[in-house]
Amino acid sequence: MGRRKKVGELHGLSDRVSDMILVILCVIIVFLVAYPLYYVLIASVSDPYDVYAGKTFLLPSGFTLDGYKAVFADKSIITGFLNSIKYTVVGTAFSVIMIYLSAYPLSVKNLPGRKFFSIFFIITMYFGGGLMPTYLVVRDTGLIDTVWAMFIPGGVAVSNMIIVRNFFEHSIPKEMIEAAEIDGCSKWMTFMKIVVPLSKSIMAVMVVFSMVAYWNDWFTALIYLPGKENAPLPLILRNILIKSSASASQAGMISGGYAELSKLTEMIKFSSVIIAALPMLIIYPFVQKYFEKGMMAGAVKG
């Protein structure tokens, strides 16, 4: 009896030690992941000289909002913000719809040519025409300087489509689909009434992926949207940062010369990162539970 009690105490102690080690590891990982963003946040409201001197670690040093004031002083920031919202909402809806419409047929095992189409999609993940051929195609289709250039050329992310296809194959009960077809549902009605409602978790994953991609996309707009009135927020922030970069002509226009201009540029750099990342950081907690569930369900199964 005493031996069993001793073994139980040792087992309990081992569990507590393991739990402590896991907690410590989780704290370290969270610190490594979260601290860089937190550092950018406090650096955006700190004196750049103090940042470079290493005085900014856990709390802001020399609190200032000059970086944010310089960013929002540009009137185009509001236009860019509204454009980014438009591109993100429309682009996300377009991408998710296209991913679903391409993933579901490929999940049907008796689809004629299923292997050929799967290989065709996968090839595009590894081989592309390059920037110039893509630009020529977009130009010849009349998409240059139109908002559709932001969506149509890259509307389907093949990696995301494969995740959704795997979800359809392994997580949608085949019995329900067969029962719906026996009851007289067409392929389209089965897809809309059975498949889509049962795939809300993976849909949340695709929404998050697409939102982040469209919100952060500035290069597509730089190439295909020459007009400033259509520029998204990341491109506007990039242009503001470029304008504030130190040059001999600019340095003479600012009191304090090159040093003050360089200081302002650094503040704008940190502030731009926070302004661009904040909307996604606010939205993510609301879809986190669906995101985690969908990622696990859509993972490749052996």
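How many helices and how many strands does the protein have? This predicted model has 14 helices and zero strands, where helices (H or I, at least four residues) and strands (E, at least two) are DSSP runs numbered from the N terminus. Local features need pLDDT of at least 70 and side-chain atom pairs count only at pLDDT 80 or more, while totals for chains, interfaces and linings use all residues. Residues are numbered from 1 along each chain as its sequence is written, and side-chain values use heavy atoms, with hydrogens and water left out.

**Overall figures**

- Of the 302 residues, 36% count as buried; buried means under 20% relative accessible area, exposed over 50%, and partly exposed in between (1.4 Å probe, protein chains only).
- The accessible surface is about 18,400 Å², and carbon and sulfur atoms hold 70% of it; areas come from the Shrake-Rupley method with a 1.4 Å probe, and for residues only the protein chains shown count as cover.
- Among contacts (heavy atoms within 4.5 Å) with a separation of 6 or more, 71% join residues 24 or more positions apart.

**Nonpolar cores**

- A nonpolar core is a set of buried Ala, Val, Leu, Ile, Met, Phe, Trp, Tyr and Cys residues joined through side-chain atoms within 4.5 Å.
- The largest core has 27 residues, and those touching the most other members are Val71, Ile77, Met150, Leu233, Leu237, Ile240 and Ile275.
- Two or more residues of this core come from each of helix 1 (2–44), helix 3 (66–72), helix 4 (76–107), helix 10 (200–216), helix 12 (233–244) and helix 14.
- Helix 14 gives the most to this core, namely six residues.
- A second, separate core has 23 residues, including Ile99, Tyr100, Ile194 and Ile202.

**Ser271**

- Ser271 sits in helix 14 (residues 258–297) and is buried, with a relative accessible area of 0%.
- A polar atom of the Ser271 side chain lies 3.5 Å from the backbone nitrogen of Tyr68.
- Leaving aside neighbours within four places in sequence, the residues in contact with Ser271 are Ser44, Gly67, Tyr68 and Val71.

**Largest pocket**

- The volume of the largest pocket is about 860 Å³.
- On a 1 Å grid over the protein atoms alone, a pocket is an open set of points where a 1.4 Å probe fits, with protein on both sides within 12 Å along at least five of seven lines; lining residues have an atom within 4 Å of a point.
- Grid points are joined across faces, edges and corners, and the volume is the space filled by probe spheres set on the points.
- The lining has 35 residues, of which Ile152, Pro153, Gly154, Gly155 and Val156 are the closest to the pocket centre.
- Helix 4, helix 5 (114–126), helix 6 (131–140), helix 7 (158–171), helix 10 and helix 11 (219–224) each give two or more residues to the lining.

**Other residues**

- Asp145 lies in the loop between helix 6 and helix 7 and is partly exposed at 37% relative accessibility.
- The phi of Asp145 is positive, about 65°, although Asp145 is not a glycine; most residues other than glycine have a negative phi.
- Ile202, in helix 10, is buried with a relative accessible area of 0%.
- Phe219 belongs to helix 11 and is partly exposed at 40% relative accessibility.
- From C-alpha to C-alpha, Phe219 and Met150 are 9.8 Å apart in space, and they are 69 residues apart in sequence.

Note on methods: A polar contact is a pair of N or O atoms within 3.5 Å; within protein, one must be able to donate a hydrogen and the other to accept it, and residues adjacent in sequence count only if both atoms are side-chain atoms.
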